[in-house]
Amino acid sequence: MKMIKGPAIFLAQFAADAAPFNSFDSICKWAASLGYKGVQIPSWDGRLFDLKKAADSQDYVDEVKGVAAGHGLAITELSTHLQGQLVAVHPAYDAVFDGFAAPEVRGNPKARTEWAVDQVKCAIRASKRLGLTAHATFSGALAWPYIYPWPQRPPGLVEEAFDELARRWRPILDDADEHGVDLAYEIHPGEDLHDGVSYEMFLERVNNHRRANLLYDPSHFVLQQLDYLDYIDIYHDRIKAFHVKDAEFNPTGRQGVYGGFQSWVNRAGRFRSPGDGQIDFGAVFSKLTQYDYDSWAVLEWECALKHPEDGAREGAEFIRSHIIRVTEKAFDDFAGVGTDAKMNRKMLGIS
């Protein structure tokens with residue numbers, strides 16, 4: 001069996017304009033001081049990382065790796081969550097998602113999509129230069145406004161949306177394959193790939209592409225009331241990245257899964273710091289270890305209540321305490337009986 005690596009931390013929720021969160025060197029020093037061994041980099045945040053330069057310059061990539069290594073850290077993955085989101089945007093979300101894009105393509109959906117595709121491809125090249133085999137992303141969404149089947153959806157609407165989503169992602173997946181990098185889609189509400197069934201609909205349309213893989217984050221499944229442990233049993237071969245993020249779901253007579261348009265604090269389903277929610281992480285880590293997941297356990301801190309720095313500090317120890325040191329021998333070796341083929345046949349009554 002193989003061991004999960006960690007603890008690591010996703011830097012997106014911590015990057016800021018004030019020290020120590022405003023440069024890659026200082027934020028790495030901070031992460032290392034908390035006991036983290038790896039960092040997942042938000043590739044869109046220019047305060048920490050220059051994606052275009054990383055795609056084209058091995059010297060720059062080696063410099064970034066050197067900064068991390070100087071603090072005892074590895075780079076776990078690059079993230080293109082924001083750029084991946086923009087590969088497919090329904091017009092209803094044009095205004096709110098425009099802020100994710102470069103200023104020069106805002107207000108121009110076609111140019112924005114082209115920019116997003118180029119960004120994800122840059123991250124693929126940069127990942128290869130960094131020696132990484134997976135990178136985290138979102139799928140984007142064309143069908144999401146029609147998630148609830150009322151008003152009744154016209155026949156073929158969802159199928160057309162997934163056909164188009166696959167058409168946009170297939171060349172990116174092929175590019176990823178050329179560079180030996182898996183795309184790990186985070187299955188997430190707001191994306192067309194938001195549960196197992198929708199992921200399978202996409203997978204079918206990209207001909208089960210070997211690079212169309214998964215980032216496992218159980219928090220999103222709690223909020224959807226999906227079995228997050230059974231999900232591992234079903235899709236473990238496709239899980240290439242792992243976010244450690246907790247959640248809770250406390251329905252009332254007033255609200256449930258849809259949340260009644262309330263703020264995160266007042267929703268029935270909300271994200272929590274690891275250990276403060278309802279996820280059985282002991283079972284999660286056991287399942288992933290059982291299936292030989294040997295990549296990183298990465299804290300993604302999101303909590304409606306707790307201060308982020310407290311969540312980061314507690315998260316390192318939380319992950320460390322859940323990583324299973326795999327056994328090198330069977331627990332019942334002491335009771336082993338030395339047998340051979342002749343004895344086995346005798347025990348079975350086979351002459």
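Pro-20 lies in the loop that connects strand E1 (5-10) to helix H1 (24-33), where helices (H or I, at least four residues) and strands (E, at least two) are DSSP runs numbered from the N terminus. The peptide bond between Ala-19 and Pro-20 is cis, with omega at about 5 degrees. The structure is a predicted model, in which local features need pLDDT of at least 70 and side-chain atom pairs count only at pLDDT 80 or more, while totals for chains, interfaces and linings use all residues. Residues are numbered from 1 along each chain as its sequence is written, and side-chain values use heavy atoms, with hydrogens and water left out.

A cis peptide bond also joins Trp-150 and Pro-151, with omega at about 0 degrees. Pro-151 belongs to the loop between strand E4 (134-137) and helix H7 (157-179).

Asn-208 has a phi of about 50 degrees and sits in the loop between helix H8 (196-205) and strand E6 (212-216). For Phe-261, phi is near 60 degrees, and the residue is located in the loop between strand E8 (246-249) and strand E9 (269-272). Phe-261 is exposed, its relative accessible area being 86%; buried means under 20% relative accessible area, exposed over 50%, and partly exposed in between (1.4 Å probe, protein chains only).

With a disulfide defined as a pair of cysteine sulfur atoms within 2.5 Å, the count is zero. Cys-28 is buried at 0% relative accessibility, and Cys-303 is likewise buried, with a relative accessible area of 14%.

The largest nonpolar core contains 97 residues. Such a core is a set of buried Ala, Val, Leu, Ile, Met, Phe, Trp, Tyr and Cys residues joined through side-chain atoms within 4.5 Å. The members that touch the most others are Ile-9, Phe-24, Trp-169, Phe-202 and Tyr-216. Helix H6 (residues 109-130) gives the most to this core, contributing 10 residues. Beyond its neighbours within four places in sequence, Ile-9 is in contact (heavy atoms within 4.5 Å) with residues including Phe-14, Trp-30, Tyr-36, Val-298, Leu-299 and Ala-312.

Ala-312 is also among the residues touched by Leu-34, together with Arg-313 and Ala-316, when residues up to four places away in sequence are not counted. Leu-34 is placed in the loop between H1 and strand E2 (38-42) and is partly exposed, with a relative accessible area of 21%. The C-alpha atoms of Leu-34 and Glu-317 are separated by 8.6 Å, although the two residues are 283 residues apart along the chain.
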